[in-house]
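Thanks for coming, everyone. Please bring up the sequence and the model on your screens. I'll start with a question and then walk through the parts.

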There are 2 protein chains.
Amino acid sequence: MSGAGVKRGRPPAFDRTTALTAATRLFWEHGYEATSVGELTRAMGIKPGSLYAAFGDKKSLFKEVVHTYGRSPVGAFIGTALEEEPTAHGAFRRILCEAAAVYPDPSHPAGCLTISAATNVTVQDAEVAAFLRDLRNANLAAFETRLTTAQQQGELPAAANPRALAAYFAAVIQGMSQRARDGATTMELTETAELALDAWPQAQD
Amino acid sequence: MSGAGVKRGRPPAFDRTTALTAATRLFWEHGYEATSVGELTRAMGIKPGSLYAAFGDKKSLFKEVVHTYGRSPVGAFIGTALEEEPTAHGAFRRILCEAAAVYPDPSHPAGCLTISAATNVTVQDAEVAAFLRDLRNANLAAFETRLTTAQQQGELPAAANPRALAAYFAAVIQGMSQRARDGATTMELTETAELALDAWPQAQD
DNA sequence: TTAATTATAGAGCGATCACTCAAGAACGTG
DNA sequence: CACGTTCTTGAGTGATCGCTCTATAATTAA
């Protein structure tokens, strides 16, 4: 083999991560189809040829954006809380409170990219919508798994319904993302989070 | 004046209401920008010239669709429940249960048109997104008004927060619409509705 | 019948879409 | 230096976008 780490040819004039961040902001704000390649190249500071050489086509760029977003602090806080918190109640309390803090944060577009970036798509881009829908439904399944475990460990009463609770919290979180895009503040969303937690099952006595 | 009700010239070959219904289904399913004029004319059974003569431009057609939708049973059930139910608790219980029944109904596209038809728009169509956002926020204000009245009439305890409750139910409903578009069934959404109602303030004793 | 009016069908407008290509510039290696 | 390789540039591809125009068909009024 020839040297694996040797760089040959003209070096790229742009930072790949920086360009990806610019693309993320656009897709986050306007969604997949409402963001044109022309807007992307302008925001990323590169020409179409460079974009297609570095990221493939528009769909591949979007998937890479979603993948990177899901591994960023803003995009991964749900999975992190599910893993780190010792109790399911603590995990969902933390998820809701962090969503209230993160979704309206003015340092990035409002709401969750995964929830809102492919709501309106043409027939020929249905695959992109399905891609995000699968991510959301996988998240729902993770909620249910965490709640089922909590019930088996005795944290949740036997009468509780882990699947229904998971769907409920998924709906609340998706609604909070929508409300943030409509202008809701962290204060309002925190109140929403607190009310949402009132639905947590209480042990029957 | 000449006769006001007299029809002159060639009569239209299509039914305006039927055409509007076809346009509604498309906008409901794919949203404003992801629905092309070509798809609209094909579904409505008319040519571009007829569409523009009868409805103005694409934006005017969309606004008429939203207006008509808001006056249909499917689009008006929230306002109807707020008016008809004697208690605020009864109103929100009915709203949530009807949302669970209506949003996944296979006789029309899933979810609520007002919630999801203009999530992803280009910069030049920001006005359309603002149009629906204003409708959603007006709905939120109606929730708050209804809850404030309930508190003044003693239905809600003094410690309750009408604004926070309104925002909470708005988020839940928007989340239920999203979940319906992701495949949630009436059964699942009914469970979500029941859990959501657990947050209703209880009188302190 | 003739004129006035309105709706139709179908071609086609400029602009923008995602995307590609050819030419040249910037690098490491001989 | 020349060579191979990679990246940048800028023009330009066909397709589709929202929308308009013209010619003609269908109706009522005179």
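How far is a phosphate oxygen of DNA strand D from an N or O atom in the side chain of Ser36(B)? The distance is 3.5 Å. That makes it a polar contact, meaning a pair of N or O atoms within 3.5 Å; within protein, one must be able to donate a hydrogen and the other to accept it, and residues adjacent in sequence count only if both atoms are side-chain atoms.

Some ground rules. This is a predicted model, where local features need pLDDT of at least 70, side-chain atom pairs count only at pLDDT 80 or more, and totals for chains, interfaces and linings use all residues. Residues are numbered from 1 along each chain as its sequence is written, chains are lettered from A and ligands numbered from 1 in the order in which they are written, and side-chain values use heavy atoms, with hydrogens and water left out.

An N or O atom in the side chain of Tyr52(B) is 2.9 Å from a phosphate oxygen of DNA strand D. For the side chain of Lys58(B), that distance is 2.8 Å.

Now the wider surroundings. Near means that a residue has a heavy atom within 4 Å of the strand. There are 23 residues around DNA strand D. Gly9(A), Arg10(A), Ser50(A), Val37(B) and Lys58(B) come nearest.

Helices (H or I, at least four residues) and strands (E, at least two) are DSSP runs, numbered from the N terminus. By class, the surface near DNA strand D has 9 nonpolar, 6 polar and 8 charged residues. Here Ala, Val, Leu, Ile, Met, Phe, Trp, Tyr, Cys and Pro count as nonpolar, Asp, Glu, Lys and Arg as charged, and the others, Gly among them, as polar.

On to strand C. It has 22 residues around it, and Val37(A), Lys58(A), Arg10(B), Ala13(B) and Ser50(B) come nearest. Of the atoms of DNA strand C within 4 Å of the protein, 73% belong to sugar or phosphate. Tyr52(A) has a side-chain N or O atom 2.9 Å from a phosphate oxygen of DNA strand C. For Lys58(A), the figure is 2.8 Å. A base takes part as well: a base oxygen of DNA strand C lies 3.2 Å from a backbone N or O atom of Arg10(B). The largest share of the surface near DNA strand C, 3 residues, comes from α3(A). The classes there are 9 nonpolar, 6 polar and 7 charged.

Next, the chain itself. Chain A has 10 helices and 0 strands. Its C-alpha atoms fill a box of roughly 75 × 45 × 35 Å, taken along the principal axes. Of its 205 residues, 48% count as buried. Buried means under 20% relative accessible area, exposed over 50%, and partly exposed in between (1.4 Å probe, protein chains only).

Look at helix α6 of chain A, residues 88-102. Its buried residues include Phe92(A), Ile95(A) and Leu96(A). What do the buried residues of α6(A) pack against? The partners are α5 (73-84), α8 (126-152), α9 (162-181) and α10 (186-197) of chain A. Contact means heavy atoms within 4.5 Å.

In chain B, Ala88(B), Phe92(B) and Ile95(B) of α6(B) meet Phe143(B), Arg146(B), Leu147(B) and Ala150(B) of α8(B). The residues of that contact are 6 nonpolar, no polar and 1 charged.

Last, two aspartates. Asp182(B) lies in the loop between α9 and α10 of chain B. Is it buried or exposed? Asp182(B) counts as buried, because its relative accessibility is 9%. Leaving aside neighbours within four places in sequence, Asp182(B) is in contact with Arg133(A), Arg136(A), Asn137(A) and Gln174(A).

Asp198(A) sits in the segment after α10 of chain A. It is partly exposed, at 42% relative accessible area. Not counting residues up to four places away in sequence, Asp198(A) touches Asp198(B) and Ala199(B).
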